[in-house]
Every structure is written in structure tokens, then in C-alpha cells.
Amino acid sequence: LLNKNKGALFLDRDGVIIKDVNYIKDPDDVQIEKGLIELLAKAYEFRWPVFVVTNQSGISRGFYDWHDFYKVNQRMIELIGEPNPIYSIYANSHKSLNFNNWRKPNPHMINHAADRFNINLSKSILIGDRISDMLAGLNSGINNLIHVETGHGINERNKISKYTNKYGFFSYSGLTSRII
């Protein structure tokens, strides 16, 4: 278990860690996003645990299966190499959103990691390319959200901007976090 005063880094997978190629199932298609290796090296240097939180509706849609998902993750980990600060990968295959499932923007994957590994979410950072990533971070109590323009980021920027004030705070349903 980690020190409860320690935060963690939460990353979406497709569009943040690896290039988003729409329902990726072939490990040969895995490409690491620019800057990811340097980010993970810093996380390792500062002893920040990294957690992957990813929606994978392609499994329920029949585009690939959990074994394909596992092979893609294995290739991703191979390409990242050592040192690798990824503690755990959380995924769900839900197609539709309801409060009881783990599909982002629900906070359940993040909250489970926080409970299991004793993480202080208010000191944590989430990086994602979609508004659902930002909302999952906000809904879990993460105070620092980073929206990237890789993956679906460019297309999602306007949605996110609607909830971001001129001071860089992302607010939705009475909750607020800093967004970069």
C-alpha cells in the first residue's frame, strides 16, 4: 500500500498512452504517444504510481475480446520498457452509461484504485483526451486534470471548454477541478 498523503497519475489508454486507432485489437498496431515515455520516466523518478483507466466498449460491441485487449496491453508495456511505473490497468467493456457500471465518466475505476492502493485523490493527476475522462477525474475528487489534444482531444476541446472558466477551472454539477 502507498502512503495516503501520496497522489497518483491516472491515464486514459487510447489517445493518451497509445495512439487511438479505433477499437485496436492487433498488437502490431500499438504506437506510443509522443512524450509518454518521458512522462512515465518522471513518474518513476518521483515514485508516483501510474494507473490506466480505460473504457473498452469495443469488447461488448464484438470488435475484439478481452484476450485481444490483453495482447494490446502487453505490447504497450513492451514498448514502454523499463522502468515502468504502471501499477494497474482498469478497464470496462460497458457500451452504455449507468451509475452502477465502471464506464467513465463514472468514478468507479479511479475510486477502486484509490481504495485498494491508499491513494490521495486530491493530490492526484488525471490525463485524458475526452470529456468523459475529465468528468471521471472530477467525479472522483482529483484536483488536477490535464486534457491532451491527441486521440479525440482536438474534437473534444470545445465540449471541455464549455465547462472551463477563464481561470482554468473545470466545473460540472457543482464540482470543480483545475484543468490544464
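Modeller: Helices (H or I, at least four residues) and strands (E, at least two) are DSSP runs, numbered from the N terminus. This is a predicted model, where local features need pLDDT of at least 70 and side-chain atom pairs pLDDT 80 or more, while totals for chains, interfaces and linings use all residues. Residues are numbered from 1 along each chain as its sequence is written, and side-chain values use heavy atoms, without hydrogens and water.

Now to your pocket (on a 1 Å grid over the protein atoms alone, an open set of points where a 1.4 Å probe fits, with protein on both sides within 12 Å along at least five of seven lines; lining residues have an atom within 4 Å of a point). The answer is H5, which gives three residues, the largest share. S2, helix H2 (57-60) and helix H6 (153-161), like H5, each supply at least two lining residues. The space inside is about 410 Å³, the volume filled by probe spheres set on points joined across faces, edges and corners. There are 22 lining residues, and Asp-20, Asn-55, Ser-57, Arg-103 and Arg-130 are the closest to the centre. The lining has ten charged residues (Asp, Glu, Lys, Arg), four nonpolar ones (Ala, Val, Leu, Ile, Met, Phe, Trp, Tyr, Cys, Pro) and eight polar ones (the others, Gly among them).

Phe-51 deserves a stop of its own. Phe-51 is buried (under 20% relative accessible area; exposed is over 50%, partly exposed in between, with a 1.4 Å probe and protein chains only), at 0%. Its ring and that of Tyr-87 have centres 5.6 Å apart and planes at 50°, so this pair (centres within 6.5 Å) is tilted, neither stacked (under 30 degrees) nor edge-to-face (over 60). Because Phe-51 lies in strand S2 (residues 50-55) and Tyr-87 in strand S3 (residues 86-92), the pair ties together parts 36 residues apart in sequence. Tyr-87 is partly exposed, at 42%. Ring pairs also link Phe-51 and Tyr-87 with Phe-10 and Phe-117 into a cluster.

Methods: Rings of Phe, Tyr and Trp (its six-membered ring) pair if their centres lie within 6.5 Å; planes under 30 degrees apart count as stacked, over 60 as edge-to-face and the rest as tilted.
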